[in-house]
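Dear colleague,

I am passing on a structure together with some notes on what was found in it. Please read the notes with the structure open beside them.

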Amino acid sequence: MEQKHYDVIIIGGGPAGLTAGIYLARAKAKTLILDTGIIGGQMVLTHQIANYPGIESTSGYQLSTTMKKQAKSFGCDIKSNINITGLEIEYQAKAITVNDNQVYTAPAVILATGGRSRMLNIPGETEFKGRGISYCATCDGDFFQDKEIIVVGGGNSALEEAVSLTRYASKVTILHEFDRFQAFQHAIKEAKENPKIDFIMESHITAFQGGEKLEKVTYKNLKTGVVSEKNIDGVFILIGYVPNTEMLKDTAVKLTPRNEIIAGEDLQTNLAGVFAAGDSREKRYRQVTTAVADGTIAALSALEFLHNLKSK
Amino acid sequence: MILQTSLKHIADAEAHSEVLKNNENVMVCCGRMGPMCLPVYDIMEELQEEFPQVEFRDMLFDNPHAAVIRNLPEARSFMGLPFTVYYKNGKVVEATSSIQSKEQITEILNRELN
Ligand SMILES: Cc1cc2nc3c(=O)[nH]c(=O)nc-3n(C[C@H](O)[C@H](O)[C@H](O)COP(=O)(O)OP(=O)(O)OC[C@H]3O[C@@H](n4cnc5c(N)ncnc54)[C@H](O)[C@@H]3O)c2cc1C
């Protein structure tokens with residue numbers, strides 16, 4: 001068992017965590033970023049970012065690489081693709097166990113775990129991932145040239161991606177659980193006016209079937225209860241995001257009913273020395289710019305917390 | 001276009017068969033610089049140290065020579081990037097479509113390329 005002490009540990013290396021890392025390391029706080037996946041978070045999922053001020057247009061990958069380089073240049077330690085197997089953040093000395101055999105301790109922790117695509121969690125979904133089921137229209141659209149597909153969802157990304165998928169697919173059916181869409185009017189209008197797009201409303205997919213590839217879906221009308229089948233080549237699942245806060249369920253950190261972290265204006269949670277930043281906390285607008293702002297505030301609040309702790 | 005990773009790239013079909021001929025264990029990730037592919041390259045870069053007996057390579061999906069991967073019978077039903085192929089003594093022992101987690105990749109490496 002290996003043990004190492006830091007001033008601040010940041011959980012999550014998306015734009016929020018990386019920004020906090022830049023500010024803390026630059027202020028000479030000993031800082032560690034831990035990430036279960038790739039550094040950059042959802043930013044890496046973005047082919048093009050055109051609304052990050054100061055940079056006309058860049059790829060999410062490029063922006064992530066630069067932020068990571070910046071944090072490292074100030075001395076921030078970064079570990080990616082790790083597994084957090086223990087989390088004790090209730091007391092003044094906080095401890096995080098990684099891969100069962102390394103323990104990192106610190107008086108302050110910043111939670112910046114972001115969010116991820118929601119899955120349907122129904123039979124066949126995992127089996128046919130990459131064999132007809134996709135979560136990324138820009139990645140896999142061209143495999144569906146002249147094929148029939150379904151887009152599940154009713155938000156902006158579902159409607160916009162459905163329209164863009166008509167460049168490849170012969171027919172796109174949007175399947176949505178409600179009787180109306182939660183999207184901008186222009187996105188709804190564009191989808192409704194597209195001759196290649198059809199709609200199945202108030203329905204849920206209940207199963208995916210096929211052999212080597214996806215061939216068929218079963219879906220149920222939620223109002224009438226009628227169950228139908230549809231032959232299909234592909235299904236794109238674009239049903240929004242969930243906050244990555246599962247690991248906090250057994251801690252005393254306060255969450256909203258939607259499992260978002262609750263934090264005050266200084267971004268401290270209900271636990272002393274535990275801060276939250278980025279998409280994983282309760283807030284209205286989730287963007288790279290707002291994540292970066294959160295990372296700044298959480299870092300500065302954590303520095304103040306450390307200062308007060310020392311002068312006590 | 002080239003892949004901006006720190007992995008060694010496979011440039012063409014000839015290089016592909018050279019790699020298979022000269023190495024017992026080979027993992028090739030064939031993709032683009034997209035959100036489903038980047039995490040897989042990242043994991044491969046990290047696993048190089050843990051699996052010194054495995055040759056880790058990537059190849060650009062849009063390279064015409066990537067037909068050596070795209071047209072594999074094992075990839076017949078694949079419709080998600082990246083296509084990742086594991087070779088033992090030049091033979092395909094496992095192939096996956098779309099993003100995979102570090103656990104999934106490690107499990108395959110331990111099972112097939114040890
Ligand atoms: C397809 C798409 C396009 C987008 N386009 C834009 C755009 O054009 N402009 C814009 O401003 N915003 C865009 N966004 C939104 C933007 O990407 C997010 O708001 C931003 O990335 C949130 O940053 P974050 O640091 O809070 O979280 P994330 O970026 O989600 O990063 C969180 C990190 O935490 C890690 N993590 C999760 N759980 C754990 C755990 N238990 N332990 C350790 N680490 C963990 C994850 O691996 C991840 O790396 C887009 C989002 C998506 C999905």
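Which atom of A:A16 lies 2.9 Å from an oxygen atom of the ligand? It is a backbone N or O atom of A:A16, and the pair falls under the heading of polar contacts (a pair of N or O atoms within 3.5 Å; within protein, one must be able to donate a hydrogen and the other to accept it, and residues adjacent in sequence count only if both atoms are side-chain atoms).

Before the rest, some conventions: this is a predicted model, in which local features need pLDDT of at least 70 and side-chain atom pairs count only at pLDDT 80 or more, while totals for chains, interfaces and linings use all residues. Residues are numbered from 1 along each chain as its sequence is written, chains are lettered from A and ligands numbered from 1 in the order in which they are written, and side-chain values use heavy atoms, with hydrogens and water left out.

**The ligand site**

A backbone N or O atom of A:I38 also lies 3.3 Å from an oxygen atom of the ligand, and a polar backbone atom of A:T36 is 3.3 Å from a nitrogen atom of the ligand. Taken alone, the ligand exposes 1,000 Å², of which the protein buries 84% (Shrake-Rupley areas, 1.4 Å probe). The ligand is surrounded by 33 residues, the closest being A:A16, A:D35, A:Q42, A:D279 and A:V288 (a heavy atom within 4 Å). Helices α1 (15-26) and α6 (288-310) of chain A each supply at least two residues of this shell (helices are DSSP runs of H or I, at least four residues, and strands are runs of E, at least two, numbered from the N terminus).

**Backbone geometry**

Most residues other than glycine have a negative phi, and most peptide bonds are trans. A:D100, however, has a positive phi near 65°; A:D100 sits in the loop between β6 (94-98) and β7 (102-106) of chain A, and counts as exposed at 56% relative accessibility (exposed means over 50%, buried under 20%, partly exposed in between; 1.4 Å probe, protein chains only). In chain B, a cis peptide bond with omega of about -10° joins B:L81 and B:P82, and B:P82 lies in the loop between α3 (67-70) and β4 (83-88).

**A sheet in chain A**

Three strands of chain A form an open sheet in the order β14-β15-β16, with antiparallel pairing (strands pair if DSSP finds at least two bridges between them). Strand β15 (residues 214-221) and β16 pair over five bridges, with A:V217 opposite A:K230 in β16.
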